[in-house]
Amino acid sequence: MDSNKNFFDTNKATWNNKVNVHAKSDMYDLEAFKHGKSSLMPYEIEALGNVFGKSLLHLQCHFGQDTLSWSRMGAKCTGVDLSDEGIKLAQRLNKELKLDAEFVCCNVLDTSEFVKDTFDIVFTSYGVIGWLPDLKPWGKMIAERLKQGGTFFMAEFHPIVWMFDYLEAKPIMKYGYMQDDVIYEEYEGTYANQDSKMITKEYGWNHGLSEVINALTEAGLKIEYLKEFDESPYDVLPNLIKTDSGMFVTEDKLYPLIFTLKAVKL
C-alpha cells in the first residue's frame, strides 16, 4: 500500500475539502435529512429490508448520511471513511440527531486494524471501489468483518461508466474497462456541486465486474446475485434524463449505469 500513499493522501485532502461543499449542496440536502428524510435509495432498501436490531458496517461512508439513515431504521451502525473532516461531521450529526452510530477514520483497506467487531451486514454504495487500487484486500477485509451467515451488499456505478472521460464537452471513451494503470483527474467543482470553485484532484482505478466477484468469492463469500440497471438514482453524469420514477437515464440506454451485488459469508 506504501506505493499508493501519495495517491491516498491526495484523495484524502480532496475528500476533506469536499465535505464542506457537499454539506451545503442540494444533492445531499442536509436540512431535509436532519428533519427525517432518508438518504438511502430504493436499491439498497429493497435489498436489505428490515435492519432493525442488526449490526451494520458502512464502508466509505463520507459524512455518514446513509449510516445514520440505517441507524434511524434500528440498525447498530459503524461508519468508516478516509476523510477526517467527513468523520467529524458524521459524529456531529450523530450527536445532534441523538443516534448511536460510531464513526472511524481510516483507509477502508485498513478497516480490520481499527474495527474489531463482526457484523450482520457490511454495506457500501455509489462511487466506492474506484478509490482502491486492488480489490483482493478489500474482499478479504469484508469477509473478516462479516459474521458467519452475514450479508454483504453493494450498489455501485457500473464499470462501463468509468470508461468515459467526462471532462470533455461530450463524454469520450478513454479508459480501459480492466485498466490497471491509475487514472488522475483534476477539475473545478465536484459531482455534488459543479459550480463550486473547489479544485478536485483525485486518483482512481477501474475494476471490471469479474474483479469484483472474484475478490469476494476468493475471500469466502457466496454471491447471491448480481444485477445491472440502466438507470441511476443520482444525476451525476452529463445529459441524463429524469424518469417519472425519479431515476436518471441516458438518452439511448445503451449500457447499464448501476450494478448491485449481494453476497453471504459461508
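Trainee: What does the accessible surface of the chain come to?

Mentor: This is a predicted model, in which local features need pLDDT of at least 70, side-chain atom pairs count only at pLDDT 80 or more, and totals for chains, interfaces and linings use all residues. Side-chain values use heavy atoms, with hydrogens and water left out, and residues are numbered from 1 along each chain as its sequence is written. Carbon and sulfur atoms hold 50% of the accessible surface (Shrake-Rupley method, 1.4 Å probe). The total for the chain is about 12700 Å².

Trainee: Why does the span of helix 1 agree with its 19 residues?

Mentor: Helix 1 covers residues 5–23. The expected span is 1.5 Å times one less than the number of residues, which gives 27 Å here. The end C-alpha atoms agree with that, because they are apart by 27 Å.

Trainee: Which elements do the buried residues of helix 1 pack against?

Mentor: Buried means under 20% relative accessible area, exposed over 50%, and partly exposed in between (1.4 Å probe, protein chains only). Among the buried residues of helix 1 are Phe7, Phe8, Trp15 and Val19. Their contacts (heavy atoms within 4.5 Å) are counted with those of the other buried residues of helix 1. The partners are helix 2 (30–34), helix 5 (84–96) and strand 9 (199–204).

Trainee: Is His62 buried or exposed?

Mentor: His62 sits in the loop between strand 1 (55–59) and helix 4 (65–72). Its phi is near 55 degrees, a positive value in a residue other than glycine. With a relative accessibility of 9%, His62 counts as buried.

Trainee: Which residues does Ile160 touch, not counting those up to four places away in sequence?

Mentor: Ile160 lies in the loop between strand 5 (146–157) and strand 6 (164–165). At 22% relative accessibility, Ile160 is partly exposed. The residues that Ile160 touches are Tyr177, Tyr255 and Pro256.

Technical notes. Helix = DSSP H or I, 4+ residues; strand = E, 2+ residues; numbered from the N terminus.
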